[in-house]
Amino acid sequence: MATVLDLHAHSEASEDSRAPVEAYLNWINLRRAQVPVDGVVLTEHRQWNASADYRALEDKFGVMVLKAAEVETDYGHVLVFGVTDEMARRFDFTNIRIPAQELVDEVAAMGGIAVPCHPGRPNIGLYEHYQKKPVLENVIAVELLNGGSRKGENERAAELIEKHNYKATGGSDSHLVSLIGLCATRFEADIKTIDDLVRELKTGNYEAVDFRPKRKPVPHAIPAEAS
Amino acid sequence: MVDFDPAIINKTFETTEPVPVSRDRIAKFCEAIGETNPLFTDDEGAKKGPYGGVIAPPSFATTFRNGRHFFEHVPRFGRRGFDAGKDVEFVAPIRPGDEITLSSAVKEIYDKTGRSGTMVFVVIRSTLRNQQGEIVAHIDHRFMNRP
């Protein structure tokens, strides 16, 4: 059974979001056809809250909630899945210059996976850093579809993925309730826990999926046949 | 990591003189924002409400100004920046006859990276208290600096 997860979302725990987790789940629950995701992964900026417990909300809305983190490195922003207390002690998540190669390697050694996100974004994306610095080793996957990307950013991500043969994920990068689930990742496997997610990100089959509504073409002021 | 003296965090640097809240001032505020809820506008109707009388609309809390020297105490990192917004937490109602005092302190300083580069954020928390010393609201002013 396939699982569809929005792998990149920020709740009001992040300083630049005003979206309550409950509102995210309610939004998804009320719009299953438009936002067909089974769950969301909360990737709060520069922090890890081991004690946050969303089980009651999961039960109320029938939407899975997993926890990860978005940290900032010398190669841009990186999503860390499978965060452990040991990991949070090893790396100061508030540091905006975490050495990316150390993060990738040590997170993997501690049982998690580090996935660079919005790689096509200026300053904080892998694509631009690869123009100036050595390519990171042992990266398995990067984010292909990011719901917050501007024109050209996801295209640069696609170029990077093809060049380095990375696996591709998707996430909304939502900071607002109405944007949750618009980009996501479809896994072939059944995912119920963060351990399942880490395992699948490392070795499973998955693809980035786009649920953003297609823009309708702007109609001509004068019908084409009349002009 | 942004470099600053951690001793400045939570240290109150300014407290304003009390500002009286008149019934007329609340009425004028309601008129200005188009507020028609009887809780805020109708003396007789509000008596039957949960507060036993007229109270100020929640956003009234944002009308109280910091002191003249407020910005002299806001730490700066670099020469450029802008007001990055405010968060207001409403704690207790403000009533006619209250006298409101603001105390301001640096709540938080942090840095982050974005499309445009590195940014340092300074968050100043202004706490509003009434004449009984009861907290009625917190206002977090967020300032972005470009180092």
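Helix α6 of chain A covers residues 153-164, 12 residues in a row. At 1.5 Å a residue these should span 16 Å, and the end C-alpha atoms are 17 Å apart, which agrees. The expected span is 1.5 Å times one less than the number of residues. Helices here are DSSP runs of H or I, at least four residues, and strands are runs of E, at least two, numbered from the N terminus.

This is a predicted model, in which local features need pLDDT of at least 70, side-chain atom pairs count only at pLDDT 80 or more, and totals for chains, interfaces and linings use all residues. Residues are numbered from 1 along each chain as its sequence is written, while chains are lettered from A and ligands numbered from 1 in the order in which they are written.

A residue is buried if 20 or more other C-beta atoms, placed from the backbone, lie within 10 Å of its own, exposed if 12 or fewer, and partly exposed in between. In α6(A), the buried residues are A:N154, A:A157 and A:L160. Seen down the helix axis, they fall within an arc of 115 degrees, so they line one face. The arc is taken from the directions from the axis to the C-beta atoms. An α-helix has 3.6 residues a turn, so residues three or four places apart point the same way.

The buried residues pack against α5 (126-130) and β6 (141-146) of chain A. The face turned away carries the exposed residues A:E155, A:E162 and A:K163. After the helix comes A:N165, with a positive phi near 55 degrees.

**Cores**

A nonpolar core is a set of buried Ala, Val, Leu, Ile, Met, Phe, Trp, Tyr and Cys residues joined through C-beta atoms within 7 Å.

| Core | Size | Residues |
|---|---|---|
| Largest | 62 residues | Most contacts inside: A:Y24, A:V40, A:A68, A:V78, A:V80, A:F81 and A:V115 |
| Second, separate | 15 residues | Including B:V21, B:F40, B:I55 and B:F60 |

Two residues are in contact if their C-beta atoms, placed from the backbone, lie within 7 Å. Leaving out residues up to four places away in sequence, A:V80 touches A:A68, A:A69, A:V71, A:V107, A:G112 and A:A114.

Chain B has 3 helices and 6 strands. From the N terminus on, they run β-β-α-α-α-β-β-β-β. Of its 147 residues, 20% are buried. The C-alpha trace spans about 55 × 30 × 25 Å along its principal axes.

The contact takes 9 residues from chain B and 9 residues from chain A. On the chain B side, strand β4 (residues 99-114) gives the largest share, 5 residues.
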